[in-house]
Amino acid sequence: MTDSAPYTGAASARPSASDLKPLAGWRVIVPRGGPWGDGVAATLRSKGASPVVAPMINFAPTDDAPALERALAKLADGGYDWVTITSATTVDVLSSHRAVIPAGTKVAAVGETTAAALTAAGYHADIVPSEENSAAGLLKEWEEATDGTVPLSILALRSAIAKQVLSVGLTRIGHHVDAVVAYRTIGVPVAQKVIDDVRAGVVNAVLVTSGSVAEQVQEQLGPIPESIVVACIGPQTARDARSIGLRVDVVADARSAESLIDAIVTVANARR
């Protein structure tokens with residue numbers, strides 16, 4: 001019997017709602033691919049959902065590849081005390097370049113999603129903001145996390161469109177910062193079937209993991225039908241989503257993939 005074939009065996013008692021996995025029957029759009037997307041999809045399946053991995057953003061090479069290559073070579077040689085990673089996409093860039101982060105170089109991740117991407121790619125994170133998952137949040141907690149040590153040599157990798165909040169702030173407090181553009185963010189068209197399924201309301205939830213993803217969700221899939229749960233990974237992402245007109249139904253309590261999925265589970269349980 002295939003997975004899609006109807007059950008033709010002996011009749012059995014219908015399971016109660018408590019016997020079902022919490023997301024049984026739910027179709028959830030996962031807007032990122034790669035190790036992070038695969039991990040989220042696996043977790044969703046374990047809870048009964050049918051994940052639809054539909055990457056909506058990707059990275060394009062930086063316009064200054066030599067500068068990035070020099071920075072990564074210096075990083076591998078132990079030339080930096082710290083490297084700051086402000087998105088999961090930056091982790092994709094590191095992986096694609098097979099970048100080496102020496103044991104003596106510490107890593108600051110802007111949030112739980114980025115930290116999870118680092119772990120999935122075989123790296124690590126020494127600092128993750130406990131309050132606000134943003135460059136500003138990381139800057140606020142920097143001095144306490146580093147015991148106020150100044151100056152430090154820091155590599156700040158960023159998107160071409162990102163504001164230089166972190167690198168400028170670190171420079172102002174006395175650190176030596178190399179701010180290097182690691183990539184350009186570009187939208188990725190999703191399959192027409194994904195669009196059709198959203199329009200038809202046969203999708204139950206859409207995960208929104210960054211402001212860039214929010215833009216693509218609104219542009220490619222919006223307006224999202226009221227029946228579909230739009231779930232954001234944190235307050236900053238929710239603010240970014242609302243600023244471009246994307247409805248937000250639920251925001252994760254913690255800024256992690258696990259908490260984002262838990263938020264959907266809470267909604268699913270409430271709807272039973």
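**Helices and sheet of a predicted model**

Me: Which strands does helix 3 lie across, and at about what angle does helix 3 run to strand 3?
Reply: This is a predicted model, and helix 3 covers residues 88-96. Helix 3 lies across strand 3, strand 4, strand 6 and strand 7 (176-187). Relative to strand 3, helix 3 runs at about 50°.

Me: In what order do the five strands form the open sheet, and which are the edge strands?
Reply: The pairing in this sheet is mixed, and the twist averages 30° from one strand to the next. The order is 3-7-6-4-5. An edge strand pairs on one side only, which holds for strand 3 (57-61) and strand 5.

Me: Why do the buried residues of helix 5 line one face of the helix?
Reply: Helix 5 (residues 135-145) has the buried residues Ala135, Gly137, Leu138 and Trp142. The face turned away from them carries the exposed residues Lys140 and Glu144. Seen down the axis of helix 5, the buried residues line one face because they fall within an arc of 150°.

Me: Which elements do the buried residues of helix 5 pack against?
Reply: Among the buried residues of helix 5 are Leu138 and Trp142. The buried residues pack against strand 4 (82-85), strand 5 (106-109), strand 6 (153-159) and helix 6 (165-172).

Key
Residues are numbered from 1 along each chain as its sequence is written. This is a predicted model: local features need pLDDT of at least 70, side-chain atom pairs count only at pLDDT 80 or more; totals for chains, interfaces and linings use all residues. Side-chain values use heavy atoms; hydrogens and water are left out. Buried means under 20% relative accessible area, exposed over 50%, partly exposed in between (1.4 Å probe, protein chains only). Helices (H or I, at least four residues) and strands (E, at least two) are DSSP runs, numbered from the N terminus. The arc is that of the directions from the helix axis to the C-beta atoms. Contact means heavy atoms within 4.5 Å. Two strands pair if DSSP finds at least two bridges between them. Axes are lines fitted to C-alpha atoms, for helices over the stretch in contact, and angles run from 0 to 180 degrees between N-to-C directions.
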